[in-house]
Amino acid sequence: MSLWPVYTGGGEPHDGITQLPPPPPWRAFNGKPVLPPPSEDPDDAASSPDRTHRAETYVVTEQSVELVNAALYLRRPLLVTGPPGSGKSSLPYAVARELMLGPVLRWNVTSRSTLDDGLYQYDPLSRLYAAREERRNDDWGVARREQIADHLRLGPLGTALLPHLRPRVLLIDEIDKGDLDLPNDLLNVLEEGQFEIPELVRTAYRDPEAHIMVAGADDRVPVHRGRIRCHAFPFVVLTSNGEREFPPAFLRRCVTLELKQPDKEQLKAIVEAHLGRLDHDALELVDTFLHRASGGELATDQLLNAVYLTRTSGLRGASREQLAERLMPYLSQQLEPEGLRPDEF
């Protein structure tokens, strides 16, 4: 019998993922597990010191803990929305570190992103160059049969869907910036937990098993007959800034977490987690941030920048306040019906 919650949000690394019960019958996958579990070093959850810091200092809410566990139990993607700086992209690093699920795979979505970008990349030009070199060397008797797998590399989504013994963590960041069709294109892959690489399927009669590189490393993994099917469904976090709505079918298959703008106590906890105990000046900056946030959209990292710089610069009084104002510009304004800003009344 598993124990709820598996993810506690306490930040102390533990092997809680083994406490998960079997998946729901409609979310069970049968990919043959051929890959070892990820590193058990909690600091491997991030690929750089700044991401390690974010994982260690992330401040959770009760709601986020509940919905992370719901996504883990149900083997469903977690769609996280909220204002800038609310911790949307830091959440998967905190989960990966606590549950020791290895390095986080990250896919930064842009307006040009397609499903194939997340699944795999194929470089036909390098293959053409390699074939030309083989023909050139053929007279010397050193030619080999050109391998298409040498010109393929799995993307973050494709790597996450490999048949790992334990789930990988995948961050699909700012999905609302992608093409309008991207959520629907993702729908089938995330629902089925599998995909095909057509270039390998076509040559499977000759080379049934290919070894191709994965995202974020130079390791090669075996792919049988061009088909990849997960064994442990990855913990997928999709973030959105709310720039557009998603199709109902896509939302129905996700667990949705809406992060709110932190209140005063949460802001104090966030700043203390990053910068240590707050002094009087830092508390005043928290109050200033909250007051300004009532007139427009601000990001929590703007407050962190202001506290850090005013603390290290030694500025006081009017100079400190002016610097804080410059470091906390509005990301968007809240307009009154007459079109006036609150400070213009």
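**View 1. Glycine 226 in the loop between strand 8 and strand 9 of a predicted model**. Glycine 226 is found in the loop that links strand 8 (220-224) with strand 9 (227-229), where helices (H or I, at least four residues) and strands (E, at least two) are DSSP runs, numbered from the N terminus. With a relative accessible area of 2%, glycine 226 is buried, a term that stands for under 20% relative accessible area, with exposed meaning over 50% and partly exposed in between (1.4 Å probe, protein chains only). Once neighbours within four places in sequence are left aside, glycine 226 is in contact with Phe195, Glu196, Ile197, Leu200 and Val201, contact meaning heavy atoms within 4.5 Å. Glutamate 199 is 27 residues away from glycine 226 in sequence, while the C-alpha to C-alpha separation in space is 7.6 Å. The structure is a predicted model in which local features need pLDDT of at least 70 and side-chain atom pairs count only at pLDDT 80 or more, whereas totals for chains, interfaces and linings use all residues. Residues are numbered from 1 along each chain as its sequence is written, and side-chain values use heavy atoms, with hydrogens and water left out.

**View 2. Arginine 27 and its polar contacts with backbone oxygens**. Arginine 27 lies in the segment that precedes helix 1 (49-57) and counts as buried at 1% relative accessibility. Its side chain reaches the backbone oxygen of arginine 75 at 2.8 Å and the backbone oxygen of leucine 190 at 3.2 Å; a polar contact is a pair of N or O atoms within 3.5 Å, where within protein one must be able to donate a hydrogen and the other to accept it, and residues adjacent in sequence count only if both atoms are side-chain atoms. Not counting residues up to four places away in sequence, arginine 27 touches Leu74, Arg75, Arg76, Leu190, Glu191 and Phe233.

**View 3. Strand 5 and its partners, strand 2 and strand 10**. Strand 5 (residues 169-173) pairs with strand 2 in the parallel sense over 4 bridges; arginine 106 has leucine 171 as its bridge partner, and asparagine 108 stands opposite aspartate 173. Strand 5 also pairs with strand 10 in the parallel sense over 4 bridges, with leucine 171 opposite valine 237. Because 5 of the 5 residues of strand 5 are buried, the strand is largely enclosed by the rest of the structure. Val169, Leu171 and Asp173 on one side and Leu170 and Ile172 on the other are all buried, so that both faces are covered.

**View 4. The packing of helix 10 against helix 11**. Helix 10 (residues 264-275) and helix 11 (residues 280-293) pack at an angle of about 130°, with their axes 10 Å apart. The contact is made by Lys264, Leu267 and Lys268 of helix 10 and Leu283, Val286, Asp287, Phe289 and Leu290 of helix 11.

Key: Pairing = 2+ DSSP bridges. Axes fitted to C-alpha atoms, helices over the stretch in contact; angles between N-to-C directions.
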